[in-house]
Amino acid sequence: MNLSWKQLLYHGARLTLGAVFLYAGWIKAADVTAFAGNIANYQLLPYSWNFLVAATLPYIEVLAGVLLIVNQRVRPAALVIGGLNLVFIVALISVMARGLDIDCGCFRPDADNKTSAAEALVRDLGIMVLVVLTWWLRSTGRAKE
């Protein structure tokens with residue numbers, strides 16, 4: 001089997017994106033209460049919504065990650081992850097603009113070592129590159145097996 005560079009890039013981006021969101025969702029689902037506290041720190045949602053978001057978001061991330069890993073419904077999964085990532089980016093910019101010093105809560109809701117909003121923003125911009133690559137390379141038809 002001889003894969004082109006586009007196929008290798010597609011599969012690499014798809015699998016990396018899937019693994020990242022499967023892991024992130026799994027970690028958040030393991031401690032919904034801590035994740036709800038991280039969401040509350042952003043001071044964007046009414047307090048009563050923080051737990052609702054914390055209880056549902058991880059499972060959306062896990063589902064999208066699994067779909068990407070098994071190479072099924074790739075474009076819808078990438079669209080969901082891209083939409084979520086865009087919301088995360090806007091939330092991080094809002095945190096930075098308001099001068100809040102909070103942990104992003106993205107991968108370790110109860111971590112002792114904080115990930116700053118600026119660090120999380122750079123990481124999320126990199127994730128968005130993976131989303132765009134996965135979407136574009138899947139849509140060209142050349143990345144399909």
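This report describes a helix, a salt bridge, a pocket and one further residue in a predicted model.

## Basis

Residues are numbered from 1 along each chain as its sequence is written, and side-chain values use heavy atoms, with hydrogens and water left out. Because the model is predicted, local features need pLDDT of at least 70 and side-chain atom pairs count only at pLDDT 80 or more, while totals for chains, interfaces and linings use all residues.

## Helix α1

Helix α1 covers residues 5–30. Helices here are DSSP runs (H or I, at least four residues), numbered from the N terminus. The expected span of a helix is 1.5 Å times one less than its number of residues.

Buried residues of α1 include Tyr10, Leu17, Phe21 and Lys28; buried means under 20% relative accessible area, exposed over 50%, and partly exposed in between (1.4 Å probe, protein chains only). Among the elements that cover the buried residues of α1 are α2 (32–41), α3, α4 (74–98) and α5 (117–139).

## The salt bridge

A search of the whole structure finds one salt bridge, defined as a side-chain nitrogen of Lys or Arg within 4 Å of a carboxyl oxygen of Asp or Glu. Glutamate 61 and lysine 28 form it, with their closest N and O atoms 2.9 Å apart. Glutamate 61 lies in helix α3 and lysine 28 in helix α1, so the pair ties together parts that are 33 residues apart in sequence.

Glutamate 61 counts as buried because its relative accessibility is 0%, and lysine 28 counts as buried at 4%. Not counting residues up to four places away in sequence, glutamate 61 touches Phe21, Leu22, Ala24, Gly25, Lys28, Leu84 and Phe88, where contact means heavy atoms within 4.5 Å.

## The largest pocket

The largest pocket holds about 460 Å³ of space. Of the 27 residues that line this pocket, the closest to its centre are Ile39, Leu57, Val87, Phe88 and Ala91. A pocket is an open set of points on a 1 Å grid over the protein atoms alone, where a 1.4 Å probe fits, with protein on both sides within 12 Å along at least five of seven lines; lining residues have an atom within 4 Å of a point. Helix α4 gives the largest share of the lining, six residues.

## Methionine 96

Methionine 96 lies in helix α4 and is partly exposed, with a relative accessible area of 40%. Leaving aside neighbours within four places in sequence, methionine 96 is in contact with Ala117, Ala118 and Leu121.

Terms used. Helix = DSSP H or I, 4+ residues; strand = E, 2+ residues; numbered from the N terminus. Points joined across faces, edges and corners; volume = space filled by probe spheres on them.
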